[in-house]
Every structure is written in structure tokens, then in C-alpha cells.
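Colleague: I would like to learn how to read a few side-chain features. Please show me the model and take me through them.

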Amino acid sequence: MTQHKQPCPKLMSNLGVYVRQYCSQHDVSMERLASNAGLAKATLYALLDPTKDARMSQIISLARAMGVHPQILLQMKWADFDVGTINAIIPKQHFTNSTHAGKLDASAFVTEAPPDGLLIAPNTRFVKSWTIQNVGRTVWQNRFLTCQNPKTDIIYPNNQTSADYHFTPLTNQIAIPTTHPGECITLSVEFITPSTSGQYISYWKMTDEHGNYCFGDGIGLSTLILVQTLGVSQLITHQS
């Protein structure tokens, strides 16, 4: 499948610079901005300090006061943080990071289509797309999205599994175009649904040209579908 990039909020190098520019442009003092955000002045200054931790609730409160999406502030805060600090802020299911050549290498999940839980007929082709963002300081080059389980287990309502059924991608690996920090990339994979009813999951992770995981044990991308044939509507009902 053809992969493509799409616009993402522009990254600035420093959250403090962004906030001070906002105050200057809107003729608002730092004290007033802190008050509007429900934060103490000292808390706001600590939030802008790249060496200090930050709470998600503080970022959200500041974003509301400034009238911007919290993701914009989070992206700038990420650029100031080291790997250990980021883990305290971003839920693992939405954020994966490591270091590459001494630089932060990080990926954030943005969206997917279709959503998990799609009800689809057997032996049907469909395309799953994930949009992720490079939120680190490393350019992604010579990377791939690689299927981790070409023969994905079928999952029955009683949680029993069998490896006899395949959730088949048309390819087990797709190339990721060069992606610079701040850019978003949409990755699409085409599948053929199994011929047997059930619930199926396909799991993917980013690898380099040597097959090594880019983000170690970090959570990858996945798709979950419900396959239904005639006479098995009860099975689907139990799974929903």
C-alpha cells in the first residue's frame, strides 16, 4: 500500500518560548495566564522549565486558558524532556520511545481507520490505516512496519485460542517513508479476512533495515476485526 504524510501541528523547540510569545501577542501577563489556567504562578514557571516534570492536568489547564489543543503544548514539552520523564506523562498505549545515536526517538499514535471491532464478511479484502507522529528528535529513515504475527490466533468467546486460522495481510512488511520530527505519517496495510467466524487481531511494530525493533518492548500497532458468517450471529453477539 502507498504510505503518505499529512500535516501535523508545528513543533516549537521550547514551550517557554511559545507561552511567552502568546503572552506578548495577547497582552497578557504570566501571572494572569497562570490565574486563567487555575495554576499558581510558581507552577506555571515550573511547567515551562525543561528540567521539571509536568502533570497532564496542568498541560490541559494551560491549553484551555490559551485556547489551543493540549497536543500542541505536549509536543513542545516532549521536545524538552528526556526519555524517562516522558513515560511519566504519556500513556504507554499512545506513546513509544527509545534513544537513537543519543537522541530521543519517539512515536505517538494519532488515529486509525477503520476503528477496532469492525464487523466484516469472510474472505473480504479491507485496508487498515494508522496515523502516527514522529515526536522525537530523530529522523526516521530506512524503517519498516513489520507484522509480528502473520498467523494470528483466532479468539473465541470463551477465550480459547487456536493458531489454525490466519488473519492474512497481503504483505508482512511495508516501508515507512523518511519522516522528520513533527511530521505525521499514515501507514496502510491490506488484509484478507479469514473464512472462519471469530475475532482476530493482527499486531505490527516498527523495525529498522536489520529487523531490529526501533522502540524495544514498546507497544506497537494492531487491528481487531469480527468476522461473521451465516448462522453465527450469536457468536458475534457474545463477543460484542
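Colleague: Is Phe126 buried or exposed?

Modeller: Buried means under 20% relative accessible area. This is a predicted model, and in it Phe126 has 9% relative accessibility, so Phe126 counts as buried. Phe191 is buried too, at 0%.

Colleague: How many aromatic pairs does the structure hold?

Modeller: There are four aromatic pairs. In one of them, the ring centres of Phe126 and Phe191 are 5.5 Å apart and the planes meet at 20°. Planes under 30 degrees apart count as stacked, so this pair is stacked.

Colleague: Where do Phe126 and Phe191 lie?

Modeller: Phe126 belongs to strand β5 (residues 125–134) and Phe191 to strand β11 (residues 184–192). The pair therefore ties together parts 65 residues apart in sequence.

Colleague: What about Trp130 and Trp204?

Modeller: Those two form a tilted aromatic pair, with 6.3 Å from centre to centre and 50° between the planes. Trp130 is in strand β5 and Trp204 in strand β12 (residues 198–208), so the link spans 74 residues. Trp130 is buried at 0% relative accessibility, and Trp204 is likewise buried at 0%. Phe126, Trp130, Phe191 and Trp204 make up one aromatic cluster.

Colleague: Which ring does the charged end of Lys205 sit over?

Modeller: The ring of Tyr213, with the charged end 4.4 Å from the ring centre.

Colleague: How many disulfides are found?

Modeller: A disulfide is a covalent bond between the sulfur atoms of two cysteines. A search of the whole structure gives zero. Cys147 is buried at 8% relative accessible area, and Cys214 is buried at 12%.

How values were computed
Residues are numbered from 1 along each chain as its sequence is written. This is a predicted model: local features need pLDDT of at least 70, side-chain atom pairs count only at pLDDT 80 or more; totals for chains, interfaces and linings use all residues. Side-chain values use heavy atoms; hydrogens and water are left out. A disulfide is a pair of cysteine sulfur atoms within 2.5 Å. Buried means under 20% relative accessible area, exposed over 50%, partly exposed in between (1.4 Å probe, protein chains only). Rings of Phe, Tyr and Trp (its six-membered ring) pair if their centres lie within 6.5 Å; planes under 30 degrees apart count as stacked, over 60 as edge-to-face and the rest as tilted. Helices (H or I, at least four residues) and strands (E, at least two) are DSSP runs, numbered from the N terminus. A charge sits over a ring if NZ of Lys or CZ of Arg is within 6 Å of the ring centre and within 35 degrees of the ring normal.
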